[in-house]
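The stops below are given in the order in which to select them.

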Amino acid sequence: MPAPLDVDLPPAGGAVAGRPEHLARAVRNLMENAARHARQAVTVTLRSDAGHAELVVADDGPGIDPAARGRGVDRF
């Protein structure tokens, strides 16, 4: 099991449309995947601008094999 992540995000204004449980699951999946594959660090960035929100979850792991990148968002 991956180590717990410490996340410190500055407050961002705005709201995201969607079902809270689905949004929470999507963010949780991103965070768990990053923690699982990170070598040492996971970086989370949240920005909002002109009614748009962007959440970036990045890790320092090996990344997705280029041949498999198109399948990265397929349903299991």
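The tour goes from the whole chain to the helix, then to the strands, and ends at the side chains.

**Ground rules**

This is a predicted model, in which local features need pLDDT of at least 70 and side-chain atom pairs count only at pLDDT 80 or more, while totals for chains, interfaces and linings use all residues. Residues are numbered from 1 along each chain as its sequence is written, and side-chain values use heavy atoms, with hydrogens and water left out.

**Whole chain**

Select the protein chain and colour by pLDDT, the predictor's confidence in each residue, from 0 to 100. The chain has an average pLDDT of 81, and 79% of the residues score at least 70.

Switch to a cartoon view: the chain holds one helix and two strands, in the order α-β-β from the N terminus. Helices (H or I, at least four residues) and strands (E, at least two) are DSSP runs, numbered from the N terminus.

Now show the surface. Its accessible area is about 6,600 Å², with 54% belonging to carbon and sulfur atoms; the areas come from the Shrake-Rupley method with a 1.4 Å probe, and for residues only the protein chains shown count as cover. Buried means under 20% relative accessible area, exposed over 50%, and partly exposed in between (1.4 Å probe, protein chains only). Of the 76 residues, 8% count as buried.

For contacts, meaning heavy atoms within 4.5 Å, consider pairs with a separation of 6 or more: 37% of them join residues 24 or more positions apart.

**Helix H1**

Select Leu23 in helix H1. Leu23 counts as partly exposed because its relative accessibility is 32%. Leaving aside neighbours within four places in sequence, Leu23 is in contact with Val16, Ala17 and Gly18.

Next, go to Met31, also found in helix H1. Is Met31 buried or exposed? Met31 has 15% relative accessibility and therefore counts as buried. Draw a C-alpha to C-alpha distance from Met31 to Thr43: the two are twelve residues apart in sequence and 9.5 Å apart in space.

**Strands S1 and S2**

Select S1 together with strand S2 (residues 52-59); the two run antiparallel and are joined by eight bridges. Two strands pair if DSSP finds at least two bridges between them. To follow the pairing, pick Thr45, whose bridge partner in S2 is Val56, then Asp49, whose partner in S2 is His52.

Zoom in on the turn. The hairpin of S1 and S2 has two residues between the strands, and Ala50 takes a positive phi near 50° there.

**Nonpolar patch**

Select Val27, Leu30, Leu46 and Leu55, which make a nonpolar surface patch of about 280 Å². Patches are made of residues with over 30% relative accessible area and no salt bridge; like charges are joined within 9 Å, and nonpolar side chains (Val, Leu, Ile, Met, Phe, Trp, Tyr) within 5 Å. Leu30 is placed in helix H1, and with 44% relative accessibility it counts as partly exposed.

**Salt bridges**

How many salt bridges does a search of the whole structure find? The search finds two, each being a side-chain nitrogen of Lys or Arg within 4 Å of a carboxyl oxygen of Asp or Glu.

- Select Arg19 and Glu21: their side chains meet at 2.7 Å, N to O. Glu21 is partly exposed, at 41% relative accessibility.
- Select Arg47 and Glu54: their closest N and O atoms are 2.5 Å apart. Arg47 is partly exposed, with a relative accessible area of 44%, and Glu54 is partly exposed at 38%.
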